[in-house]
Amino acid sequence: MSEGIGAAVKRKEDKRFITGRGKYTDDIRMENQAYGAFVRSPHAHAEIKGIDTSAAEAMDGVIAVLNGKQLKDDAIGDIITGWAIHSKDGNPMNVGAWNPMATARVRHVGEPVAIVIAESQAQARLAAEAVEVDYEELPAVAAATTALEDGAPLLHDNVPGNLIFDWEIGDEAAADAGLAGASHVTELDIVNNRLAPNAIEPRSAIAVYNDIDDHYTLYTTSQNPHVARLVLSAFYNVAPEHKLRVIAPDVGGGFGSKIYIYPEEITCLWASMKTGRSVKWTSDRSEAFMTDAHARDHVTKARMGFDADGKIVGLKVNTVANIGAYASLFATATPTYLYGTLLSGQYNIANVYCDVKAVHTNTVPVDAYRGAGRPEATYVMERLMETAAREMGMDPAELRRRNFITEFPHQTPVIMTYDAGDFHALLEKGQAAADVAGFAARKSEAASRGKLRGIGYSCYIEACGIAPSKAVGSLGAGVGLWESAEVRVNPVGTIEILTGSHAHGQGHETTFAQVVSDRFGLPMDNITIVHGDTDKVQMGMGTYGSRSGAVGMNAIVKAMDKVEAKVKKIAAHTLEASEDDIVIEDGEVKVAGTDKKMAWHEVGLAAYTAHNLPDGMEPGLKEGAFYDPTNFTFPSGTYICEVEVDPETGVVEIVQFTAADDFGTVINPMIVEGQVHGGVTQGIGQALLENVVYDEDGQLITGSYMDYCMPRADDVPSYVLEHSTTVAPSNPLGVKGCGEAGAIGSPPAVINAITDAIGNNNLTMPATPQKVWAAIQEVGLPQAAE
Amino acid sequence: MDMTGEYQIAAPRADVWQALNDPDVLRACIPGCEELEMTSDTTMTAKVVQKIGPVKAKFAGEVELVNIVVEESYTIQGEGKGGVAGFAKGGADVRLTDGDGHTLLTYEAQATVGGKLARLGSRLINSTAKKLADKFFENFHDHLGGSDKDGEQSASGTPEAKDAQSERA
C-alpha cells in the first residue's frame, strides 16, 4: 500500500517545521522563569584563586550568583563517562574528575565557573561579565601528541602523563609477522581533523523545581531524555528518577552532540532548586563552539602490507586520540570499540592490530559525532587502499575487489561478525552510476580547460544499530542498548506508538508510522508517534549510532506482534473462527477464505468494552516490548568522488559524487536519501572546510563562523545515489542504519580524488585551497595539465 | 603574535625618551586610553577601550617598565583584562638610536590574547595591532612637534605575524 514500507511518503512533521510552528526548548516559557548565564574561563588552564560576585549580585535583576563549590557542597555528582576501557596492561583507565562547574581549576577555555540567575537574559549576561574571577594561569597543552611528551603540562593529578588509557585490539605479533612478509607495505601518517558539531538549534534547558512535591522537570535539547534522567538521578544526585521528568521537545539536530548531559543542564536543575525559580539557559553560537562536545581529532600512523597478488597480509594502526579536558559520556568508547573494530573494512584480512592512546588536553571534551570512530577507521582504511593501489600501479577498484569479503557471516580479527553484504555489487553499481569508464575522457576535457580532474573511491562498512546489550556490556558499556516501544490501540482503532527513540530531524513520525500502517493496513493519519517525554514513554535509550530504525523500529514490531496476537484472539472469538485463520489486511480483520470480517476499530472497541472477550482475557489493547538486537547492523557502500582542482588557486570543486549504499530494507527511500545527502555533505565539510583550531596556549581561535567554515549548498554537487540491497538478518525488519553512513564514507573519497588530481598524497583535511595549492607546488604540476 | 617596527621621530633622543616615560604623553597617544596613572616610577595602571573585530571591551591592566637603560631602551610589559572579552598580554622591547636629524625608534613586540578575543578576533589581531601601533606613533610623533607626515618622517612598521590558522596536528 502507498503508505507502507518502501513508500516515499512525505514527512508528517515537516508541516510544523517548515511553517515555523515547531516547539523547541527555547520556545517554552514558564510562569516564574528566570534566566541563567554562565561565567566561563577565558584561560585554557588556570587555578581559581577567588571569585568575587559582589558587583554582580548588586546589579539590577540579579537573583543569585552560584559557583561550583556550592554545587559540590550540595552533593551534586561529577560528570561521568559511560564506558570503562582497560589498557593493554590490564589496568583500568584513568580519567580526570569533571565537576559540573569548576571548583579549583579550569582546564579548557569556556569551562563554567559560576552561574548568574537574573530576571532577564540580558541582565544575567551583563552580571556574568561583572563576576570577577581571580585566575592563576598554568601552562596548557592542546594537541594530544604534545600532551604525551615528557614535561607536558599535566591536567589531572590522577592521570599520569595525561594518558587515559593505552588500549589495543587484535594480535600485534601476527600483524607484525604479516607486514614483515609483505611484498609491499604502504605507510601513512594520518590526521583526522577536529570538528565542531554545529546543530542548527543550539543547546537549551529549562529547569523547573516544584518545592511542594520536591519534583524537577527538565526541558532540554536531548537525543535521549531517559538516559539524561537516569544519569541525572543515579550519578549526579539531582533527584530520584520518579521525581525527575525530562522532556525533549522538538530538537533541531544533534549529530551526537545532544547525547550528553552537560554541565549546563545539571547546573540549571540545581539552580532552580536553589532559587525556587524556573531557570532557562540557551547557548549562543559562541558558547556552542566552546562547550558542545567536539569530534574526531586523531593522529594515526598506519601500515598495510600486501602480497605479490595485492592481497592484504597485515595491518597495523597506532592512534593518538584527543579526549579533551574531561572524558565525556561516549568519549572512551568512540576511539576504541567504535573505531578499532572497523579496521578490517570490507576486506578479508587475517592480521589486524590497533593501538590507541587516549589523552587529556586543555580543550573542549571530544565525543561521538555522526559516525563516531567509524569515519576515523574508514578514513584510515580507504586512504591506505587508494595509496597502496597507486604505489603498486594497480587500479584502486581492482585492489579492493581482490580483498573483498564475499562470504557471510564473516568474523573479522577485530571482534565484529559481519552478517550480510555484497561489496562487489556495490562497487559495480557505483562504478556504473559514476561512469568510471568515461573518466579518462572527462579528465582530458578538464585539462583542456586548465583543470586537474581526479577520481577517488571509498568502500566503507560500518557497524551501527547499537547495540546488543550483552556484547557491549562485555566490552565495558555502563548501560544496555536495547530499545522499548508501546503500541496503544485506542477504542476507536487509532494508534499511538510510544517509542524510546528520539527524533531530532530523522523523520520518525513518518517512518515509524509507515511500519505500523504497513502491518495493520491502516492510514498513517490514524497513527501518532509519541516520544521525548519520560512521563509519557515507558523507557528508552534514545537516538544515536543509527539505532532508531534498527533497534527502535524493531521494538515497535515486537510490540505489534503482541497486539496482533491479541487482535486475532478477539476476532476469532467474535467471528467464531480459528485464530490461525484470522488475517489482518487493509484495516480489516478477516477469516481467511470467507466473507466473515471485523473492521479494525471494531476489534479495538471490543477490547475495551470487554463485553464479549474470550474467557480469562484482560480488557484493553495495549502492548509493550523491549527489543535487544542480536548483532550490530552493517551498512556498506561504495562512494566515488570526482573533483576538479584549479592549479592556479588550489580551489577544489566536487563535480560528481556517487553513493551506492546497502541499507537493507528501506522504509522510506526519500528519507534515506535525505540522510545520505546530509551525511555526505557533513563528510565533505570535514574533507574540505571544517577544522577546529587551538593555538599553542589552548586558546580556541575558531570560535565563530568567521573562522569555522561549514559547507553550503554551492560547495556540493547534486548527488548520484544508488542502492544494492542485502537484508539485515539480525532484525525482523531487515533494516540497517543509514544516518551516519554518508559522513563515514565520504571524506576519504574526497581526499582520494584530490590527491589523484594533483599527484601528491601529502595532503591533510580540510583540503583548503591554500593546502591544495601548496601540495601542487611541492610536486609540480601533473603532466596532463601543463 | 610577534611584531616589529621602526619609526623616525623628528626630535632629539632625550626628548623622545622623556616622552616615552611621561604618563600624560602616553595617555594622550595610546589609542582608546581613558586612564593611565603612574603607581611608581616604573609601574602604572591603565584603562583602554579597544574594538577588535566584533569584540569591544574596556581593558583594565597593569603596565611595568623593566630593563631600563636611560635614553636608550626599555621593555614595556603588561596584561589587560577585558572581562568577558578575554584578556591580552604582551610586551615590547623599545630601543632609541640617533639618526640623521631624527631619533630612530625600533621595537619588537609580542602579544597573546585569550577568551572571546581569541575566539572571534584572532584573525584580526595582527592587522589591529599594526594599526594601533601606527596610530600610537603617529600621535607620538605629532605630540613631539612633528607636523609633516609625508615621506621619511612618517612611521613605517613591518609586522611579522604567524598565521594563526596554520595547522597544528
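In the predicted model, one salt bridge is found across the interface of chain B and chain A, and this bridge joins K89(B) to E137(A), whose closest N and O atoms lie 2.4 Å apart. Across the interface of chain B and chain A there are also six residue pairs in polar contact, in which both residues have a pLDDT of 80 or more. On the side of chain B that touches chain A, the elements that contribute two or more residues are β6, β7 and α3 of chain B, and the greatest contribution, five residues, is made by α3(B). By class, the residues of this side of chain B comprise eight nonpolar, six polar and eight charged.

The size of an interface is often expressed as the accessible area that is lost when the parts come together. For chain B and chain A the buried area is about 2000 Å², with 49% of it given by carbon and sulfur atoms, and the contact involves 22 residues of chain B and 29 residues of chain A.

The largest cavity is lined by 43 residues, of which I30(B), I76(B), G90(B), A111(B) and L132(B) are the closest to its centre. Two or more lining residues come from each of β3 (43-52), β4 (55-69), β5 (73-81), β6 (87-98), β7 (103-114) and α3 (116-143) of chain B, and α3(B) supplies the largest share of the lining, with eight residues. The lining of the largest cavity consists of 30 nonpolar, nine polar and four charged residues.

Conventions: Residues are numbered from 1 along each chain as its sequence is written. Chains are lettered from A and ligands numbered from 1 in the order in which they are written. This is a predicted model: local features need pLDDT of at least 70, side-chain atom pairs count only at pLDDT 80 or more; totals for chains, interfaces and linings use all residues. Side-chain values use heavy atoms; hydrogens and water are left out. On a 1 Å grid over the protein atoms alone, a cavity is a set of points where a 1.4 Å probe fits but cannot get out, and a pocket is an open set with protein on both sides within 12 Å along at least five of seven lines; lining residues have an atom within 4 Å of a point. Helices (H or I, at least four residues) and strands (E, at least two) are DSSP runs, numbered from the N terminus. Ala, Val, Leu, Ile, Met, Phe, Trp, Tyr, Cys and Pro count as nonpolar, Asp, Glu, Lys and Arg as charged, and the others, Gly among them, as polar. Contact means heavy atoms within 4.5 Å. Buried area is the accessible area (1.4 Å probe) that two parts lose on being put together, summed over both. A salt bridge is a side-chain nitrogen of Lys or Arg within 4 Å of a carboxyl oxygen of Asp or Glu. A polar contact is a pair of N or O atoms within 3.5 Å; within protein, one must be able to donate a hydrogen and the other to accept it, and residues adjacent in sequence count only if both atoms are side-chain atoms.
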